[in-house]
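Some terms used for protein structures rest on a count or a cut-off. The questions below take such terms one at a time.

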Amino acid sequence: MVRVLTISADVRELAGGRDVFEVEAETVAGLISRLEAQFPGLGHLIEEKMALAIDGEIFQDAPGERLRPECEVVLIPRIAGG
Amino acid sequence: MSGVDYLSPASVSEVIHALKTDGVRLMAGGTDLLVQMRGGRAKPALIVDLKRIPGMTGIEEQDGAFVIGAAASGASIGEHPGLARAWPGLVEAVRLIGSSQVQSRASLGGNLCNASPAADSVPALIAAGAQCLIAGPNGQREAPVETIQAGPGRTTLAREEIILAFRLPRREKRSADAYLRLIPRTEMDIAVVGAGVNVRLDEAGHCIAARVSVGAAAPTALLVEAAGAALVGTDFGPAALARLEAAVAEACRPISDKRGTAQYRTQVASVLARRAALRARDRAAA
Amino acid sequence: MSDPSGSNGGYRVIGSRPVRPDGVDKVTGRAQFGADFHLPGLLTGRIKRSPHAHARIVRIDTAAAERLAGVKAIVTAADFDLEAAGEIEAGESASAIRDVAANCLARAKALYQGHAVAAVAATSPEIAAEAIDLIAVTYEVLPHVIDVDEAMAPGAPVLHDDMFTRGVSPRPGTASNVAQRHVMSRGDAAGMLAAADIVVEGRYTTAAVHQGYIEPHACVASWGADGQSLIWSSSQGQFLVRAMTARILNIPLSDLKVIPAEIGGGFGGKTTVYLEPVALALSRKCGRPVKIVMSREEVFLASGPTSGSSIDIRLAARRDGTITAAEMTLRYQAGAFPGSPVHLGCMTAFACYDVEHLSLIGYDVVSNRPKVAAYRAPGAPMAAFAVESAIDDLARQLSMDPIDLRIRNAVRDGAKTVYGASVRSCALVETLEAIKSHPHYSAPLNPGQARGVAAGFWFNIGGESSAAVHIDEDGGATVVSSNPDIGGSRAAMAMMAAETLGLPIERVRCTVADTASIGFSGSTGGSRVTFATGMAVTEAAQKVVADLRRRAAQIWECDVADVAWRDGVATCLDPAKTVKPLSIAALAARSAKTGGPIAAEVALNAQGAAAGYGVHVCDVEVDPETGRTSIVRYTAAQDVGRAIHPAYVEGQLQGGAAQGVGWALNEEYVYSPEGLLQNAGFLDYRMPVASDLPMIDTVLVETKPNPRHPYGAKGVGEVSIVPPLGAVSNALSQIVGRRMTALPLSPVRVLAALGKI
Amino acid sequence: MSRTVVNAVVNGEAVTFLGGGGQSLLDALRDELRLTGTKEGCGTGDCGACSVIVDGRLVCACLMLAPEAEGRRIETIEGLAENGRLHPLQQQFLEQAALQCGFCTPGLLMAAKALLDHTPDPTESQVRYWLAGNICRCTGYDKVIRAVLDAAAQLRQAEKRS
């Protein structure tokens, strides 16, 4: 079971105000498709506009990344610079 | 700027004749004119370059009194040893105009006739008691610098008049001037407020003559007679300096704009006038 | 490749200070920047801009202009392909392409003074200018709003009647200027604040400031009869320019080649497009190449500054100086379209400090000003100004040394940031101690002087990069990089390749390729080039080394494992073989016989970018009678991982400090009551000049190289602008005797704070 | 648009070009003579990126009309290196990383040359005030000032030897 958190207003809006989820997934791609199924549009939003902090490390684009069981994933806005 | 003609005459009479044309603008250094053209604020039909007219860019000394060509560059003024010794205040005011690059071209005539209330050289010229030599269709005349500016961008010169040169009074012993301005940076800004002071002392160091002029604190640079009078007969003691500051503050009629507030300009004008008076006094006593 | 883990890494090239390979062109005037290109038949493009801060565009009448001899094309927003919807990765944050297109040429409304409304291409600059005057635009002038707090107030003029604040539930029914509300929190900040020993609070404001690059935006666009087009432009990312321009004009990417000119400064401001789609649309209409160059006034009016901000902060702390909680509300201007970096302000505000309870609320607010663009660590400097000021207030209340207080609360490896990342390979404490032990920190101060300290953080990113390494027939190497060289990055790329290949630096040249000559790459920005593109360059060089060892083994007929590679030479370890070592030059000379040309290209998505931390200390002096502030001394220390080219890393610290000092003291957008910009030029937009600054001493902290980069590199370009706002203000506030809360700290404000006016 | 023929000497070579009444010397150098090393940063004399030397005087080319160049000797960045050998200022700027983007570099080099031509041994403060008209947004000026001071020392050394 993966513990998913978010600090993003966009995610909260698509997920009916929730910012903590428990999702069964082994890879990031799996996690995104489960979230899309549960909250339509959320998966697309994560793909397009979000980055993920997986056990503390930031991945801006990492669909193939494997997820440790009981790991923590934080959905955050993409980071860009000047 | 399509349709702009350029003329670089070699004689004053040619200039005066050209001044009859519609949309004519005179140019010495061009450091204000070209900026206004670039910003679309000036669309001249004819530009008359004054720099090839004999005498317009020279600096002479006639029996102790300096005559500076209206188109003489700030750099040439700054490099003239005699002028720097006699009029340190005027020279430092001119040298503060713009960058090293602008100094190679900016002129006293341009600075005065652009008629910005914040022009750096004008308070120093006024404090020095400088006279403008003005040529027109019916001959030449002289006028004190403080009568030339009429308001932001406007002068009292007739349409076909041109300033040829500035004549500074003969320099007496124990006399000196100083100019100070307030800008947020250390260079390159237009003066938020400026002050020029010219003093003469007796042997004991008392002030026997003083002229105080303030820039960027009114529609034109101001000659503040009361401030000068506050110094005369004193040894620049605190009471005299307080009267000087009060007189300056009283004379200021500044605006608030992107560079400073009216209140700030009035307050700092009197501070700069006091500091310039002390610096002029120290130079005169040296 | 020699052992990378030695003290200075034991490297031959990394850490040295070679002359940059592109240097001669830049000191002889041969380097070609955006406006330096010329083509036969080139037309001049000019843009018609709105004189109003907020107006409905009723009609654009181009008939008279079209009749003017020499006018070849006129375009408006109608010439853009408005179906080009969807998202695109941009430098600052993914922004809808619709807004980018509407910012290049306004649609229904002109949303700020200077907003582009139409554009013309003509055979000379004079004719183009005349044509602009002949285009008659009918406006219905609307009420405007400039200030962020006013824009949020009920009843403020609304820019977009289809904008309903996102991130608020239930979703508001009426349109407003608040595009989005961000909330980032952990623990119970409110509760901790209520029960705290000490609470420090303040309201801080900063003005909009511009990146101030000396090169105005410029491009040349040329539409081909077969639909294949060329663009030369100065930008921070030729691939981004291609993607946005192709999307706005609805053409396939492969039909548009963007050639990167040298870039005359960007600092994040050239990570979007203003001119390229307009120039190409003009060229498409008349089949002639079109050059558009912005005037300095246009750069200020119509290209993105960073946000002005209004920030409330409350800190809770224990008597021993431990900060237990903080609440912050950040309100950032986004300009005419949504997309301020307020969320990045929230994420970075407390990234230097291990504060358990945090509540960070950010508002992205539009107003009638140019759309903001990224500016060096976008969003972070304003937030840090509030945090570092509040921490200094706390230090004063506890009469604690400001650095000791920061060391006590500084993050260490393993700490969790509010945005979910764990801190790793972080040398913030070492950087704080580097300043504390620096002679500057204990040097005596004259009367009327004071010393201020502040820290700063930036994420630094990785992302997609491509690079190629080719070995020339004589054994030299060419590095083909995909990132415009904004601050000496060609030198860093060449150095990493030289170190990996074992070649002397002079034998490695580096070019920046156009979009048809190298794989896709993200822009130059986010302090990512030395990290991400450097990683691609190093991996390409490693593939070349592996190939060279294979070729040596083939020549010596031995096992590849018996081929050693060191300092550019292959030696055979097989005792049975008596063969001479083979240099790169020797192997290159026989490349035809060992498989053909020697080259490798690597494309990757670089992971593992390590954050950067900076600590600055600055001494200021104030003239008590005029309120004028001067910078007397300045020292900047920064956690840089490992400096590839130390001189250019020092340059990033010095440049960021100088921009930060300008931001703190004199830079601001000044608006008239009519919403018109009063200082659209370098005369009254006061950036620091040479005589304003002392020498800026730097300390490169290299105690924690980034293990996720072959040479330990961390991003260094953006952190350096984060601390100066706080450092200058913390010094000034001591002299004035009151906390200064509004930037810029102009002479007028300082004299008022001194109680003199 | 009346365009006058202008004869001048640019980097030691006689040139002739058409200079419209309203056209600046900067426009003429860049568009008529294709000398694009001199840059336009502002067009109003506030940034110094267009600095050139006219008859020994440092000026902003954007604040000078093209026809004013008649009969004058103009030095631009393209003429600073003599037959391929870099001037000590150019060499020091490279060796000390005194440039990052390089856009202000031509103007800074010409301004520094003009300074050293008449003040061979300037103090740091003199260099900073002389270069105040050349805005650089990348470097924070530190390495620029050091490069100018070192080039001055190098030139004084060479002067002593010759």
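Q: How many residues does the contact take from chain C and from chain D?
A: In this predicted model, the contact takes 43 residues from chain C and 44 residues from chain D. On the side of chain C that touches chain D, the elements giving two or more residues are α1 (23-28) and α18 (646-665) of chain C. The most comes from α18(C), with eight residues.

Q: What makes up the side of chain C that touches chain D, by class?
A: That side has 21 nonpolar, 15 polar and seven charged residues. Gly is counted as polar in this division.

Q: Which chains have the most contacts among the four pairs that touch?
A: Chains C and D have the most contacts among those four pairs.

Q: How do you know that no contact joins chain A and chain B, or chain A and chain D?
A: A contact needs C-beta atoms within 7 Å. The closest C-alpha atoms of chain A and chain B lie 27 Å apart, and no contact joins these chains. For chain A and chain D the closest C-alpha atoms lie 14 Å apart, and again no contact joins the two.

Q: Why does the radius of gyration of chain A agree with that of a compact globule?
A: A compact globule with 82 residues would have a radius of gyration near 12 Å, and chain A has 11 Å, so the value agrees with the rule. The C-alpha trace of chain A spans about 35 × 25 × 15 Å along its principal axes.

Q: What share of the residues in chain A is buried?
A: Buried residues make up 46% of the 82 residues in chain A. To be counted as buried, a residue needs 20 or more other C-beta atoms within 10 Å of its own.

Q: In what order do the elements of chain A run?
A: Chain A has three helices and five strands. From the N terminus on, they run β-α-β-α-α-β-β-β. Among contacts in chain A between residues at least 6 apart in sequence, 54% join residues at least 24 apart.

Q: What makes β1 and β2 of chain B edge strands?
A: Three strands of chain B form an open sheet in the order β1-β3-β2, with parallel pairing. In that sheet β1 (5-7) and β2 (24-27) each pair on one side only, and they are the edge strands. The twist averages 20° from one strand to the next.

Q: How do you know that β1(B) and β3 of chain B pair?
A: Pairing requires at least two bridges. β1(B) and β3 (residues 46-49) of chain B have three, in the parallel sense. B:Tyr6 stands opposite B:Ile47 in β3(B).

Q: What do β4(B) and β5(B) form?
A: They form a hairpin with two residues between the strands, and B:Asp63 in the turn has a positive phi of about 35°. The strands β4 (residues 59-62) and β5 (residues 65-69) of chain B pair in the antiparallel sense over four bridges. B:Ile59 has B:Ile68 in β5(B) as its bridge partner. β5(B) also pairs with β10 (residues 162-167) of chain B, in the antiparallel sense over three bridges. There the bridge partner of B:Ile68 is B:Phe166.

Q: How many residues of domain 2 and domain 3 of chain C are in contact?
A: Eight residues of domain 2 are in contact with nine residues of domain 3. The C-alpha centres of these domains of chain C lie 35 Å apart.

Terms used:
Residues numbered from 1 in each chain as written. Chains lettered and ligands numbered in written order. Predicted model: local features only at pLDDT ≥ 70, side-chain atom pairs only at ≥ 80, totals over all residues. Axes fitted to C-alpha atoms, helices over the stretch in contact; angles between N-to-C directions. Rg over C-alpha atoms; globule rule 2.2 N^0.38 Å. Buried ≥ 20, exposed ≤ 12 C-beta atoms within 10 Å, placed from the backbone. Domains from an automatic or database assignment.
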